[in-house]
Amino acid sequence: MRWNKVWKFKKGTKIDQLQLAEIEVDTPEANEVLVKVYSYGINNFDLLWLSTSIDFPLGFEFCGEIVEIGKLVTQYKVGDIVIGLSNSTKQERRISEFCIAKENYILHLGNNLTFQQGAALPFSGIIATQLLEKYDFKQKKVLIIGASGGIGHLFAQLISNISNDVFVVSKPRNIVFLRSIGLKNFIETDDNDQWITDEKFDFIIDFSGKYSNQILNENLDANGKIITTKVNEKSIIRYLFSVFYNQNTDHFKLDYSKKNFELLSEKINQNLIIPKVHQSINGIENVQSAYHLFKERGIQGKLALNLGC
């Protein structure tokens, strides 16, 4: 019998109320794998899930080693190092030493990425690659807000490979980091997150969720589109890429299908998307510290929780 250190994320629980427990390690179903986790990615949605009515069908993004497979699993074997999204329920999500994941929601690590970089990809990387597939950004003028964040810095890398007409709203302290991932055009904000430009854009993508449509429309081309996280809805779809039913705002539907995991894998193997890990927090006992650090903002790229190997 194996035992598992577990943090259970339950609705209505604050960071400091999370408790570390020990439970028996789960057994994978026929289409699942059991993974010894080496690292977890830290996301804002983890905290939103605790404090709001937003539901999400999957758990946390991870990187680890497969230690057991279900009888119907064909693409992976014991010993494979994989990244993915852990299985979960609407009632309970876990950060634990061992996690269960469905075969369709994992990928081989590959491409010489570290465990921490791998753990930074499954959630943020899927969103970034889907955006690129859904919208035609070629020969379009694009403004990105929040490009230094978890999703934003991955999307920025991808779009920089297909367009030279990409602008970024950024605080001065983030510009060196953003240049390192291929961005060149910057509109600086002040301490109050205010910015001014006469430029007009075909797409404005606000990963920060700070700005209203009214503000963003001031710099939107007549036929342009806004994609923004500025909303507070019950649905995770509407939270991440909201629907305002305005003519210039489109609805982006998240799709965690096997097809899109394979699309992410292609981008990784082509070296088009390389996650930047701002800091790795060591030890499963330090989950609360990791989320407190995340809430301080100023993170460039992603935070990872390192469980070791």
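Guide: Before we start, a term: two strands pair if DSSP finds at least two bridges between them. Also, the model above is predicted.

Visitor: Got it. Which strand does β12 pair with in the parallel sense over 4 bridges?

Guide: That is β9, residues 142–145. In that pairing, Ile144 has Ile205 of β12 as its bridge partner.

Visitor: And how many bridges join β12 to β13?

Guide: There are 5, and the two strands run parallel. β13 covers residues 220–228. Ile205 turns up again here: its bridge partner in β13 is Ile227.

Visitor: How many residues of β12 are buried?

Guide: 5 of 6. The strand spans residues 201–206 and is mostly covered.

Visitor: New topic. In what order do the strands of the open sheet come?

Guide: The order is β2-β1-β6, with antiparallel pairing. β2 (20–24) and β6 (93–96) are the edge strands, each pairing on one side only. On average, neighbouring strands here are turned by 45° against each other, ignoring direction.

Visitor: How many bridges link β1 and β6?

Guide: They pair over 4 bridges, in the antiparallel sense. β1 runs through residues 3–9. Look at Phe9: it stands opposite Arg93 in β6.

Visitor: Which helix lies across β1 and β6?

Guide: Helix α9, residues 287–295. It runs at about 35° to β1.

Visitor: Which residues of α9 are buried?

Guide: Val287, Ala290, Tyr291, Leu293 and Phe294. They sit on the same side of α9, because they cover an arc of only 155° around the axis.

Visitor: What follows α9?

Guide: Arg297 does, with a positive phi near 65°.

Visitor: Now other helices. How do the axes of α3 and α8 cross?

Guide: At roughly 90°, coming within 9 Å of each other. Angles of 65 to 115 degrees count as roughly perpendicular, so α3 is roughly perpendicular to α8. For your structure view, α3 is residues 122–134 and α8 is residues 258–269.

Visitor: Which residues make the contact?

Guide: From α3, they are Pro122, Gly125, Ile126, Thr129, Gln130, Leu132 and Glu133. From α8, they are Asn260, Phe261, Leu263, Leu264 and Lys267.

Visitor: How do the residues of that contact divide into nonpolar, polar and charged?

Guide: The contact of α3 with α8 has 6 nonpolar, 4 polar and 2 charged residues.

Methods
Residues numbered from 1 in each chain as written. Predicted model: local features only at pLDDT ≥ 70, side-chain atom pairs only at ≥ 80, totals over all residues. Heavy atoms only, no water. Axes fitted to C-alpha atoms, helices over the stretch in contact; angles between N-to-C directions. Contact = heavy atoms within 4.5 Å. Parallel < 35°, antiparallel > 145°, perpendicular 65-115°, else oblique. Nonpolar A, V, L, I, M, F, W, Y, C, P; charged D, E, K, R; others polar. Buried < 20%, exposed > 50% of the residue type's maximum accessible area, 1.4 Å probe, protein only. Arc of directions from axis to C-beta.
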